[in-house]
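Hi everyone, thanks for making time.

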Amino acid sequence: MTGSNNQNNVPGNLDQHIAGLGVNGSNNNRQNANNNNNNSNARGGNSNAKPKRYIPPHLRGRAPTTPVDKEAALERTSSWSGNMPARDRSRSSERQTPGAPESSAPGRGDRRGDVGDVRGTRGQGWSGRGDPIARTTTWSGRRDDSLGFGGRSGGGGGRGGPYGIWANGKHVYGQHNQRIEVELYGSPDDPERMHTGINFEKYDNIPVKATGDDVPKPITTFDEADLEPLLLENIKLSGYTVPTPVQKWSISFGTAGRDMMACAQTGSGKTGGFLFPILNELFRTGPAEAPVAEGRGMYRQRKAYPVALILSPTRELTSQIYEEARKFCYRSWVRPCVVYGGADIGSQLRQIERGCDLLVATPGRLVDLIERARISLRNIRYLVLDEADRMLDMGFEPQIRRIVEQEDMPGVQDRYTLMFSATFPRDIQMLASDFLKNYIFLSVGRVGSTSENITQKIEYVEESDKLSVLLDIVSSTETAGLTLVFVETKRMADRLCDNLVTNGIDASAIHGDRTQRERERALDMFRTGRTPVLVATAVAARGLDIPNVSHVINYDLPSDPDEYVHRIGRTGRAGNTGTATSFFNRGNRGIVRQLIDLLQDSNQEIPGWLNVVARESSGYGGRGRGRGGYGGSGGARNSGSRDHRAQFNRGDRDVRHQNGPSSGFSGRGGGARGSGGGFSNGTSSVPPTLENDSAHSWF
Ligand SMILES: Nc1ncnc2c1ncn2[C@@H]1O[C@H](COP(=O)(O)OP(=O)(O)OP(=O)(O)O)[C@@H](O)[C@H]1O
């Protein structure tokens, strides 16, 4: 695809090697990019010619919708989002080009404006997909608030509304509501809905290991799992027919009442992995006892007492988890709620007041609300740290300790704690143990490994050539779907986005310096295909689940291999396939060994030149890590560790053989190295053993 493809197996020392790769690659790439621009291809053209507009595959052939006045919609949005600063008008790509075809999928930003208008007419229901807070406000108008805010029972169920209640020790379901069902679950042909891909069933071939005392057996199917009927119904409405491995195990751990630390590959269903066991138990057991009222008079009821708390590191991921929770809480007594920074706190407070049983939050906003005495954690029975390794690294750990240890949350013995991530460095595992009791460590695939659904390419590209190569790639007709481009700095994200727009590519940018409104809008534009290229910083690296992302490009490679795993994991989700291309040059030598480990581990092709770089870069392995997990001159990948307790030889059991009849192992033998062949076929009779595993240098 690019000139740098020809550079494999170049002999010579590192500098010659790199210099040669850069020069040749750059010329070819420039040439290619220019050719592409002159040809005015699928995604762009030169700046003089009118660019042909790119239409993502899932929107092709659909009738354009009536254009809407987006600026007016944005203004309406301010009715709920408070005093947001004016949008940066320089992001020309995020405004619809006059006369350009409108996406048939209505943008969330536009619908959000409508929702803002609807808010004053509670109880009428709606079917848009706007702001979750505004939406909940509308829904929540049907609750019987006289019952207080402890989160036990709304009045909706009893009056034919969509809300369930808990009454006389029984779960009384709310009524079906077709509009809400369409809004929550979409329709089968909804382009914004994630469809499982051809490799979904192969998740069962991934080796699973659960270690700890008395590990219960996993469930095999949703139907046989003895799930609460309403949860089962909602799972089916969501289009899930078969549980993914992490769900099979976590549901059984939930039933057994065990804490867990679960590590499973990106896009393999970890959100359901923590929501299902929690909701199953909540649906079965009902709400907590009402807390003793605090304060007096009208202020008495203003504090919420959630029973489940899910903490996640970014606003967008928090919002996404909340959307997932809404699907599975439908018609139940459990009211999900969301709070995160950057959004209007007044709306969030009103939402909380109307009922808050399951709270999804970013740590900063939660601390704010605790300080305002609007949330108490004393009723918490379930605590989830999603992206747990991130939540416990240096940036978040003090806030997490404060929330979990220094407020009124029940202690570790009196709550269930669940931690999930695709990566779990050993040092963070050790730290995490402080928050868990007698937990089960679950690993689906190797800890910190990438999904084999992602084809990983490493291209040698000098800094000065990156833009040309990127233009070449995003302009290529081979590239279908949405493309997510990661850069290291916020400034670079803006600059690159502008460069792409100048070159006729419809792009938007997301990073921490943009207002929340701008961030959400950029994400909406991307999700709906109106700007099929999104330039992002690490803020979009973890957890985001956007259908049709077919290509992730590391314009700037991260220095942390775990960050690499999360970034490329935005594609190749739910059994779909995807491609990740990373630009590598001499500035990235610090990650070369870990990168090779990751590529080997998921049976990817390793360019010959990368091995040469690795050999000649020994000594770079320990540099530039963002946290303490990757030290050492050899640069051994710490995240490859399994359960860190194993080193103490405390009798942990390899329980992979309990994986159920439909499972089986990948047949990768002593790991993926050298075995070739993409996703394993599951027919091998040689499951990996502890001995095989320990042959890996990074265990
Ligand atoms: N059992 C299932 N059947 C069908 N689809 C599923 C199932 N479980 C999850 N999915 C879908 O798979 C996609 C990925 O799930 P999810 O976002 O939970 O992955 P994840 O493991 O948390 O990824 P990440 O590590 O990136 O956070 C989602 O679109 C989700 O709806």
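I'll go from the domains to the ligand, and then to one helix.

First, some ground rules. This is a predicted model, where local features need pLDDT of at least 70 and side-chain atom pairs count only at pLDDT 80 or more, while totals for chains, interfaces and linings use all residues. Residues are numbered from 1 along each chain as its sequence is written.

Okay, the protein chain splits into domain 1 (163-287 + 302-446) and domain 2 (454-616), with bounds from an automatic or database domain assignment. Their centres, taken over C-alpha atoms, are 28 Å apart. Domain 1 puts 28 residues into the contact and domain 2 puts in 22, where contact means C-beta atoms, placed from the backbone, within 7 Å.

So where does the ligand lie? Both domains give residues to the shell around it, so the ligand lies between them. Of the 21 residues around the ligand, Met194, Gly269, Lys270, Thr271 and Ala574 come nearest; near means a C-beta atom, placed from the backbone, within 6 Å. Helix H8 (residues 270-285) gives the most to that shell, three residues. Helices here are DSSP runs of H or I, at least four residues, numbered from the N terminus.

Last stop: helix H19 (residues 592-601). Nine of its ten residues are buried, that is, with 20 or more other C-beta atoms, placed from the backbone, within 10 Å of their own. Among them are Val592, Leu595 and Leu599. The buried residues of H19 pack against strand S11 (454-460), helix H18 (561-568) and helix H20 (608-616); a strand is a DSSP run of E, at least two residues.

Key
Buried ≥ 20, exposed ≤ 12 C-beta atoms within 10 Å, placed from the backbone. Contact = placed C-beta atoms within 7 Å.
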